[in-house]
Amino acid sequence: MFGVNENYQKLPGSYLFSRIAGKVNAFLQANPDQKVIRLGIGDVTQPLAPAIIDALHRAVDEMARAETFRGYAPDLGYEFLRSAIVENDYRARGCDISVDEIFISDGAKSDSANIQELFADCSRIAVCDPVYPVYVDSNVMAGRTGTYDAASEVWSDVIYMPCTMENGFVPEFPRETPDIIYLCLPNNPTGTTITKEQLQGWVDYAIKSGAVIIYDAAYEAYISEENVAHSIYECEGAKTCAIELRSFSKNAGFTGVRLGCTVVPKELRCGDVSLNAMWARRHGTKFNGAPYIVQRAGEAVYSEEGKAQLKEQVAYYMRNAAVIRDGLKEAGYTVFGGVNAPYIWMKTPEKMSSWDFFDYLLEKANVVGTPGSGFGPCGEGYFRLTAFGSYENTQEALERIRKSGC
Ligand SMILES: Cc1ncc(COP(=O)(O)O)c(C=O)c1O
């Protein structure tokens, strides 16, 4: 009789977004005439930019002719895309990253879940609380997190770094020494970030304590402030201690197209072992390359017209962020984020729990957000709204929240 990976049985039930969908569906069944505005899930709504559509069309036509048809893509990615990433995301910012340190993938979710395979089973992970759930859940599946306490919602072997209003959402160095530190900056869900100097502090800490940083830069395109790093490799020494994850989902609307990349510097070693060589081996065995068509679309992100169009797209979402942030502030709410990220993180009013506020907004304003407690215990008492809706819906949602009288 076969056995199963028992670690899967340890995962707490009901994924956050299925629970939200269940509540919204029940509400709509009971109130079929209401128009619900969804500012919950972090998915984009604007169409792909024209430069990307053109590149997709051209690549599709190439696939229709024997002379230009492409089969399996190289597992580490096409050179044209890896070079464009190196030039635009790294060299242009003074980061000395080379093409053979870039690994093209189908997105940051799979890379952020898979990267833990490179590390010893006994590694201790440290995560911010609240946190993008994939970092913890992928380590649960690998059996690295100990036992789960349902009452406190914490894993015995995970080091949590609280990020709350009290510490300005800046994680503090943990008392116990971690082996793997996950940092997502700008942050999902809090929409906040840290300065380049603070990030340098984390790099110095990782080097001193022999830890590796998994740096998720999925929201890098939304940074508007000068003193915020766009890549961890802007920090001195980061190439010896950090892996960076990038996504095309939020800067270019590829959530349904699927493209990402991971940077594993050659200087990142554990004794004699190169993590770059390990990730290349892993990619070669378990991944068969992102589609040619999609990689050509990714290349177009870095063309002059692509850059100009995407700057406008990001500005469109950030105008929504300003509508939400300013509107909530005017209505008397305590609000964070929305300056360097497309997420607004608000304090729930009158000490309401995150789920109570979710129900309240759904009932009274017909607006859907995400309860902060779904991202970890320190998210309790907070609520996340995203700027990824249309401008008109965002304005209407704010009007309704203001009128809901909470
Ligand atoms: C922090 C963070 N990392 C990664 C992802 C997933 O990105 P991708 O669409 O590239 O898989 C998301 C998506 O919401 C995210 O919020």
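Before the first selection, note that axes are lines fitted to C-alpha atoms, for helices over the stretch in contact, and that angles run from 0 to 180 degrees between N-to-C directions. Helices (H or I, at least four residues) and strands (E, at least two) are DSSP runs, numbered from the N terminus. What you see is a predicted model, in which local features need pLDDT of at least 70 and side-chain atom pairs count only at pLDDT 80 or more, while totals for chains, interfaces and linings use all residues. Residues are numbered from 1 along each chain as its sequence is written.

**Stop 1: two helix pairs**

Select helix α3 (residues 50-63) together with helix α11 (residues 304-330), which pack at an angle of about 135° with their axes 8 Å apart. That angle makes α3 oblique to α11, given that angles under 35 degrees count as roughly parallel, over 145 as roughly antiparallel, 65 to 115 as roughly perpendicular and the rest as oblique. Two residues are in contact if their C-beta atoms, placed from the backbone, lie within 7 Å, and here P50, A51 and I52 in α3 meet E305, G306 and Q309 in α11. By class, this contact has 3 nonpolar, 2 polar and 1 charged residues, where Ala, Val, Leu, Ile, Met, Phe, Trp, Tyr, Cys and Pro count as nonpolar, Asp, Glu, Lys and Arg as charged, and the others, Gly among them, as polar.

The contact is made by Y316, R319, N320, V323, I324 and G327 of α11 and by Y391, T394, Q395, L398 and R402 of α13, and by class it has 5 nonpolar, 4 polar and 2 charged residues.

**Stop 2: the two domains**

Now colour the chain by domain, with domain 1 as 15-44 + 305-404 and domain 2 as 52-302; these bounds come from an automatic or database domain assignment. The centres of the two domains, taken over C-alpha atoms, are separated by 26 Å, and 29 residues of domain 1 are in contact with 36 residues of domain 2. Which element gives the most to the side of domain 1 that touches domain 2? It is α11, with 6 residues. By class, this side of domain 1 has 15 nonpolar, 10 polar and 4 charged residues.

**Stop 3: the sheet of 4 strands**

Select β13, β14, β17 and β16, which form an open sheet in that order with antiparallel pairing; two strands pair if DSSP finds at least two bridges between them. β13 and β16 (370-371) stand at the edges, each with a single partner strand, so one side of each is left without a neighbour in the sheet. Between β16 and strand β17 (residues 382-386) there are 2 bridges, and the bridge partner of T370 is R384 in β17. Bring α11 back into view, for α11 packs on this sheet, touching β13, β14 and β17, and its direction makes about 15° with that of β14.

**Stop 4: the sheet of 7 strands**

Move to the open sheet with the order β2-β10-β9-β8-β7-β3-β6, in which the pairing is mixed. Its edge strands are β2 (102-105) and β6 (158-162), each of which pairs on one side only. Strand β9 (residues 242-247) runs antiparallel to β10 and is joined to it by 4 bridges, with L245 standing opposite T262 in β10.

**Stop 5**

**Stop 6: backbone details**

Most residues other than glycine have a negative phi, and most peptide bonds are trans. Zoom in on D129 and P130, where the peptide bond is cis with omega near 10°, and notice that P130 lies in the loop between β3 (125-129) and α6 (134-141). Another cis peptide bond joins N188 and P189, with omega about 20°. Finish at R258, which has a positive phi of about 80° although it is not a glycine, and which is found in the loop between α8 (249-252) and β10 (260-263).
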